[in-house]
Amino acid sequence: MVDYTMPERAHTALLTVDAQRDYFAQQSPVRSTGCGQVREPLRQVVEAFREQQLPIFHLIRFYRADASNVDLCRRKAVEEGMRVLMPGSMGAELIPEVAPADCPRIDPHLLLDGGVQALADGEEAIYKPRWGGFYRTPLEERLSVLGVNTVVICGCNFATSGRATVLEASERDFRVVMVPEACAGLSDEGQRELCRVGVHLMRVDQCQGWIAGRKNPGQAA
């Protein structure tokens, strides 16, 4: 029996979603639920992809000071002075656990203009204007050029950005894997919902073994 959702390692890319400092900062008004627990799992997943030289895309948000590009639910707060994810700020940078060695500063001008920034060999940053990583971004085109049909998704804010990116990937017929330990805010009920739409869930050790070619998807440790 054909399983059209089965992930294919040879055609896989990693998507980190909202892995930015303002989502992890202790006093940040947009701090992601459970972000403290995902730092190390995130690092392990990212390093597994780097070791195998598989592509990595870091999907990030910016909030302009005039709030012109801010989601409606946060626009008034930014208009009234909330300063998070400001283009060029340290809060908009990737967290150290995710950023590649000698990572350049994120270039907000390039990204806000729709460009793709190379951060290291096989790693790129893309700005997303809303929750999902595919909405009005060059992500789908970049994945197509690389022959990717499977995406592993991890990072922050499952209730918003994580969920939206999963559904947008599924709508485009990508095979989807999530690593719950490396996705902040992903509840048990959320995991059950993902399984109902064909998402494969892997623990960190399973994902590491699969990416290294030592295990099949879902194989026990």
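The sections below go from the whole chain to single residues.

## Basis

The model is predicted: local features need pLDDT of at least 70 and side-chain atom pairs count only at pLDDT 80 or more, while totals for chains, interfaces and linings use all residues. Residues are numbered from 1 along each chain as its sequence is written, and side-chain values use heavy atoms, with hydrogens and water left out.

## Overall fold

The chain has eight helices and seven strands, taken as DSSP runs numbered from the N terminus (helices H or I, at least four residues; strands E, at least two). Its radius of gyration is 16 Å, close to the 17 Å that the globule rule gives for 221 residues, so the chain is as compact as a globular protein of that length. The radius is taken over C-alpha atoms, and the rule is 2.2 Å times the number of residues to the power 0.38. The C-alpha trace spans about 55 × 35 × 30 Å along its principal axes.

Of the 221 residues, 51% are buried (under 20% relative accessible area, with a 1.4 Å probe and protein chains only). Among contacts (heavy atoms within 4.5 Å) with a separation of 6 or more, 67% join residues 24 or more positions apart.

## Nonpolar cores

A nonpolar core is a set of buried Ala, Val, Leu, Ile, Met, Phe, Trp, Tyr and Cys residues joined through side-chain atoms within 4.5 Å. The largest one has 47 residues, and V45 and F49 have the most contacts inside it. Elements giving two or more residues to this core include α1 (21-24), β2 (56-60), β4 (123-127) and α8 (204-211). Helix α2 gives the most, with seven residues.

A second, separate core has 22 residues, among them F57, V151, A169 and L194. Back in the largest core, V45 touches L14, C154, V179, A182, V204 and C207, leaving aside residues up to four places away in sequence.

## Two buried positions

T165 lies in helix α6 (residues 158-171) and is buried, with a relative accessible area of 0%. Its side chain reaches the backbone nitrogen of G133 at 3.0 Å, a polar contact being a pair of N or O atoms within 3.5 Å, in which one must be able to donate a hydrogen and the other to accept it. Beyond four places in sequence, T165 touches residues including L15, W131, G133 and I153.

L85 is placed in the loop between α3 (72-79) and α4 (108-112). L85 is buried, with a relative accessible area of 0%. Contacts of L85 beyond four places in sequence include Q20, Y23, F62 and A92.

How values were computed:
Buried < 20%, exposed > 50% of the residue type's maximum accessible area, 1.4 Å probe, protein only.
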